[in-house]
Amino acid sequence: MMPWSETRDIFYNGLWKQNPGIVQLLGLCPLLAVSNTVVNALSLGLATTLVMAISSGSVAVIRNFIPNALRIPTFVLLIAVLVTIVTLVIQAYAQPLYLILGIFLPLITTNCIILARVEAFASKQPTAQSVLDGIAMGLGLTAVLVALGALREVFGKGTLFSGFDLALGEVATGWTVTVFPDYPGFLLAVLPPGAFFGLGLLIALRNLIQSRKA
Amino acid sequence: MKRIKHWARDILAPAAVLLLFSAIGALLLSGTHQATAPTIEIAERAIKNRLLAQTLPPGSFDNDLSRAIYPLPSDPLLGLKRPASRYLATRDGQVSGVILEATAPDGYAGEIRLLIGILPDGRIGGVRVTAHHETPGLGDYIEIARSPWIHQFDGTSLGHPDRAHWKVRKDGGSFDYVTGATVTPRAIIKAVQGALTYFAAHHAELLSGEQP
């Protein structure tokens, strides 16, 4: 059993100190592409977290059997296989979820944060810690994605939480919050440049908080 | 001799390991594919059947559309590279419409696959998108689940609006679009117009069981 302090450190690293979205700046391609609404951001974030936990865990299990020179190709192969399996299983047994996530799932393979964590952490650490690191890093990315999604949705479309009914079904029909009624829309926030501006603001905010603390 | 030993250790052994991992990966993938393919097909067919019924006015047909399937040859007007299918709608045994599978090849991110329902008089009954790769949150308003945009085609025909107005408003036409995502609607408008042109040339065959 691993000590509590170690678990805490792993989560502190993933969520704040080495946050993949605003500190390591890894995995920006999907981050910028789909962070235009909260529901898109949350869906991609959670799917990435799932894949990170599984791939970090599996790499930790087989880490002693992989020749050093073959690390990267083996990891890439493993991640691609896992993403494909997860995609097929979701497509078969959770069709509504697939209709939402379908276009994002292949994007996960291209997300370098997964390879980065597998290489930097899981290839050197025990299995339990690696799975936790995958989850913590994934949640850190999800948090940034959701913040960026909320920012862009409010300024781009004047709403919050629109489209949740597509992901969760009837339960979420009334969830859309209209922040600015009759909002004409702000295209820049919806398009990728808006994601860069938003991300810049989030990084600045984090640096500000960090410098106050120090 | 020494050189051969090096070669075996540095190249052959890693290659064998990589081959082993690839083989395991391929095995896992084909296993998962075998296990999930039937379920995926059932789920996809259910979605398609639901969309099929939406491309014609409710009550205009009383047959099981998914069983009234006929071949549709590949034709540039339909954007098809391979032969596809059409579905004949009947009411009280009378043909009341035909649904064509068509493809808009020039979407923002590849093909957009469509079901286009056409009434015998050449008016559109309805259009539905069955598969696409447009930008999530931007170009995906073409899905009926996300916005009513696709309803604009209901009741249109080759002469209504007239030829010059089969475009998005930005290009001087009469179809709405979402700012920032104009490539997507352009592709669909062109595909629907193409399908109507194809129907105009082949309506007799399309509305019977014959080969167009």
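1. The model is predicted: local features need pLDDT of at least 70, side-chain atom pairs count only at pLDDT 80 or more, and totals for chains, interfaces and linings use all residues. Residues are numbered from 1 along each chain as its sequence is written, while chains are lettered from A and ligands numbered from 1 in the order in which they are written.

2. Helix α3 of chain A covers residues 38-62; helices are DSSP runs (H or I, at least four residues) numbered from the N terminus. The 25 residues of α3(A) should span 36 Å at 1.5 Å a residue, and this agrees with its end C-alpha atoms, which are 36 Å apart. The expected span is 1.5 Å times one less than the number of residues.

3. Of the 25 residues of α3(A), 19 are buried, so this helix is largely enclosed by the rest of the structure. A residue is buried if 20 or more other C-beta atoms, placed from the backbone, lie within 10 Å of its own.

4. Helix α3 of chain A packs against helix α7 (residues 112-122) of chain A at an angle of about 35 degrees, with the axes 10 Å apart. Axes are lines fitted to C-alpha atoms over the stretch in contact, and angles run from 0 to 180 degrees between N-to-C directions. Residues in the contact include A:V51 and A:M52 of α3(A) and A:I114 and A:F121 of α7(A); contact requires C-beta atoms, placed from the backbone, within 7 Å.

5. Chain B is assigned domain 1 (1-54) and domain 2 (56-206), with bounds from an automatic or database domain assignment. Their centres, taken over C-alpha atoms, are 36 Å apart. The contact takes 6 residues from domain 1 of chain B and 9 residues from domain 2 of chain B.

Definitions and conventions:
Helices (H or I, at least four residues) and strands (E, at least two) are DSSP runs, numbered from the N terminus. Two residues are in contact if their C-beta atoms, placed from the backbone, lie within 7 Å. A residue is buried if 20 or more other C-beta atoms lie within 10 Å of its own, exposed if 12 or fewer, and partly exposed in between; C-beta atoms are placed from the backbone.
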